[in-house]
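Subject: Handover of a structure for your review

Dear colleague,

Please find below the structure that I am passing on to you. My notes on it follow directly after it.

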Amino acid sequence: MTITDEDCLAETLAFNKQFEATAASRPTRGETLDATVLATLRRNRLGGNTPPVRLPQGQDRVVADGVRVRAFVPDRVDGVYLHIHGGGWAFGSAGGQDERLWHLAEQARLAVVSIEYRLAPEHPFPAGPDDCEAAARWLMDHAAAEFGTQRLLIGGESAGAHLSVMTLLRLRDRHGITGAFRAAHLLFGPYDLSMTPSQRSFGSKRLLSNTDTLRGSYELFTPEMGAEQRRDPEVSPLFADLSGLPPARIVVGAEDPLLDDSLFLAQRWQTAGAPVRLGVVAGAMHGFTLFPLTITERELRRERDFLATA
């Protein structure tokens, strides 16, 4: 484990404090998430109160089983990154971060294919994982013809990190496929939906995510499941056999309720036999890469370098 960005700690903690202070003006993500709040969260950029910017470089497509994706293809393509967005399985979109994904595509020389998976509560588990599995299998079959390369990578943020691991496990367990994806990039994901100690103990601090918002997200994604049912490896990858998975980079903030999830997953991933780079960003809250911080600039650069060379 590497603790990064301690030289930025004062700036990072000051931002957290400011974020908490303005919490009253933001929609509440908790167990009482209603249709109006959900509509607002879906309309706006993740972590913000304005709609996301959509770039002309994004190409909306429909692939296997009717799954929609948004693709960003630079002039030179050395690989394909299958990206899965975050948003608690209930909001966020493939077109929600065009600027970031286009910059990644250009700088890492990757075709970035972001999945528009179905969202809860209208489409609870297993709809989202089903869509991600279908998109991954389509990419395995068509990447060479579509993008001129079979070098495949996978990853995402928050719920997208969870779905990335679930996709790799489904490819292995349902189709006997390992090694198709060269690496996984996993940003601050929830890997135990029955709740790790850090999730349970975080409390009601009004950062981007806390104990209540996580519990509410799990209720939407896996309705009528109890904690024991959510420990099923098909729901919580922390309880799965992790053998046969590719090298991974796992990143989390030190002030994220999902801290334990990344620490525990990295240990189990490495024990199962694959190399892992684990980074803990000093003072960072959940979703920190959504905000204009020094740690965000650094993390996006580290992500680019990892994906460009994996």
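The protein chain exposes about 12,800 Å², and carbon and sulfur atoms supply 49% of this area. Accessible areas were computed by the Shrake-Rupley method with a 1.4 Å probe; for residues, only the protein chains shown count as cover.

Please note that this is a predicted model, in which local features need pLDDT of at least 70 and side-chain atom pairs count only at pLDDT 80 or more, while totals for chains, interfaces and linings use all residues. Residues are numbered from 1 along each chain as its sequence is written, and side-chain values use heavy atoms, with hydrogens and water left out.

Overall dimensions and make-up

The C-alpha trace of the protein chain spans about 50 × 40 × 40 Å along its principal axes. For 310 residues, a compact globule would have a radius of gyration near 19 Å, and the 18 Å of the protein chain agrees with this. The radius is taken over C-alpha atoms, and the globule rule is 2.2 Å times the number of residues to the power 0.38.

Of the 310 residues, 57% count as buried. Buried means under 20% relative accessible area, exposed over 50%, and partly exposed in between (1.4 Å probe, protein chains only). Among contacts with a separation of 6 or more, 78% are between residues 24 or more positions apart; contact means heavy atoms within 4.5 Å.

The protein chain has ten helices and nine strands. These are DSSP runs numbered from the N terminus: helices are H or I with at least four residues, and strands are E with at least two.

Two strands are said to pair if DSSP finds at least two bridges between them. Strand β6 (residues 152-157) pairs with β7 in the parallel sense over six bridges, and G155 stands opposite H185 in β7. From β6 the chain crosses through helix α5 (residues 159-175) to β7 in a right-handed β-α-β crossover. Right-handed here means that, with the strands pointing away from the viewer, the path from the first strand over the helix to the second runs clockwise.

Strand β7 (residues 181-187) pairs in turn with β8, in the parallel sense over four bridges. H185 has R249 as its bridge partner in β8, and L186 stands opposite I250 in β8. Six of the seven residues of β7 are buried, as are six of the eight residues of β8 (residues 248-255).

On to β9 (residues 276-285), β8 pairs in the parallel sense over seven bridges, with V251 opposite G279 in β9. Together with helix α9 (residues 259-271), β8 and β9 make a right-handed β-α-β unit.

In helix α2 (residues 35-43), V37, L38 and L41 are buried. Seen down the axis of α2, the buried residues fall within an arc of 100 degrees, so they line one face of the helix. The arc is that of the directions from the helix axis to the C-beta atoms. The face turned away from this buried side carries the exposed residues A35 and T36.

T289 lies in the loop between β9 and α10 (294-309). T289 is buried, with a relative accessible area of 11%. Apart from its neighbours within four places in sequence, T289 is in contact with L187, F188, T296 and E299.

With kind regards
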